Amino acid sequence: MSEAGTQASAVTGKRAVRGYKIVVLGDGGVGKSALTMQFVCHQFLDYHDPTIEDVYQHQARIDGEPAQLEILDTAGQPEFTAMREQYMRAGEGFVVCYSVIARRSFDEALEYKKLIDRVRSADTTPIVLVANKCDLEHLRKVSTEEGRALASQWDCPFFETSAAQRVYVDDAFHGLVCEIRRREGKRKQAASKLKKAKTSPLRQFLRNFNVRKKHNGPLNST
Ligand SMILES: Nc1nc2c(ncn2[C@@H]2O[C@H](COP(=O)(O)OP(=O)(O)OP(=O)(O)O)[C@@H](O)[C@H]2O)c(=O)[nH]1
Ligand SMILES: [Mg+2]
């Protein structure tokens, strides 16, 4: 069993575990449900039952820190995509998937990213790019280099996965949590810098100086 499954109960009850709202996106049939099922239940879904919307809860220990993941497995089929903008607003991080055997799904991944950027109007949304079905090498239509180049353009981690063979599945989900934490850390650092700047010795000096001036009147007055 992987680290994700075994260490979950060890952290329960000690202190509040940080929750992460994760959304799995991508074209129909790329393997979103299969990846999610492999990650959460260690089972391969070997048939295609188009998803409308499913939510999974999963506890894991990621980089030594406990995490409670709420994973939303979304619909790739266009007839079920009415809620798309709502969950794009609610999600904290996104697993954007395509299939290495379907060129169209790679183009669709770009469309999903555009939509995320439009809905969230920020370039700091945590994302991982996932190229699934890498076990089907003989049917490959999208090269590893193309995936890597796209991820570098998006400034996000990239994983080639196989839900069928459980290749890099945990890494992709864990990678997203690390990405959320990294960006959160950056935000906190920036906020604390700003706070420090507001109370810098120079600001303090100027504030005191202005108070003195108010009390004593202008310095050159006689
Ligand atoms: N060989 C192989 N087949 C896979 C892999 N992942 C998924 N599949 C198969 O691809 C088909 C579609 O998988 P799903 O997980 O249902 O795809 P989905 O993205 O959830 O599809 P929608 O819910 O319709 O959006 C199924 O028959 C899976 O068994 C993989 O890594 N390798
Ligand atoms: Mg599905």
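**Entry 1: helix H3.** I looked up burial in H3 of this predicted model: seven of its 10 residues are buried, so the helix is largely enclosed by the rest of the structure. I took a residue as buried if 20 or more other C-beta atoms lie within 10 Å of its own, exposed if 12 or fewer, and partly exposed in between, with C-beta atoms placed from the backbone. Helices (H or I, at least four residues) and strands (E, at least two) are DSSP runs, numbered from the N terminus. The buried residues of H3 are Lys 32, Ser 33, Ala 34, Leu 35, Thr 36, Gln 38 and Phe 39. I find them packed against E1, E2, E3, E4, E5 and helix H7 (169–198), a contact being two C-beta atoms, placed from the backbone, within 7 Å. Just after H3, His 42 has a positive phi of about 60°.

**Entry 2: conventions.** I number residues from 1 along each chain as its sequence is written, and letter chains from A and number ligands from 1 in the order in which they are written. As the model is predicted, local features need pLDDT of at least 70 and side-chain atom pairs count only at pLDDT 80 or more, while totals for chains, interfaces and linings use all residues.

**Entry 3: the sheet.** I read six strands in an open sheet, ordered E2-E3-E1-E4-E5-E6, with mixed pairing; two strands pair if DSSP finds at least two bridges between them. E2 (53–62) and E6 (158–160) are the edge strands, each with a single partner, so one side of each is left without a neighbour in the sheet. Neighbouring strands are turned by 25° against each other on average, direction ignored.

E1 (residues 19–26) and E4 (residues 93–99) pair in the parallel sense over five bridges. Val 24 has Val 95 in E4 as its bridge partner. E2 and E3 pair in the antiparallel sense over 10 bridges, and Ala 60 stands opposite Ala 67 in E3. These two strands form a hairpin with two residues between them, and Asp 63 in the turn has a positive phi of about 55°.

**Entry 4: a helix on the sheet.** H3 (residues 32–41) lies across E1, E2, E3 (65–74), E4 and E5 (127–132), at about 155° to E3. Axes are lines fitted to C-alpha atoms, for helices over the stretch in contact, with angles from 0 to 180 degrees between N-to-C directions.

**Entry 5: ligand 1.** H3 also gives the most to the shell around ligand 1, with three residues.
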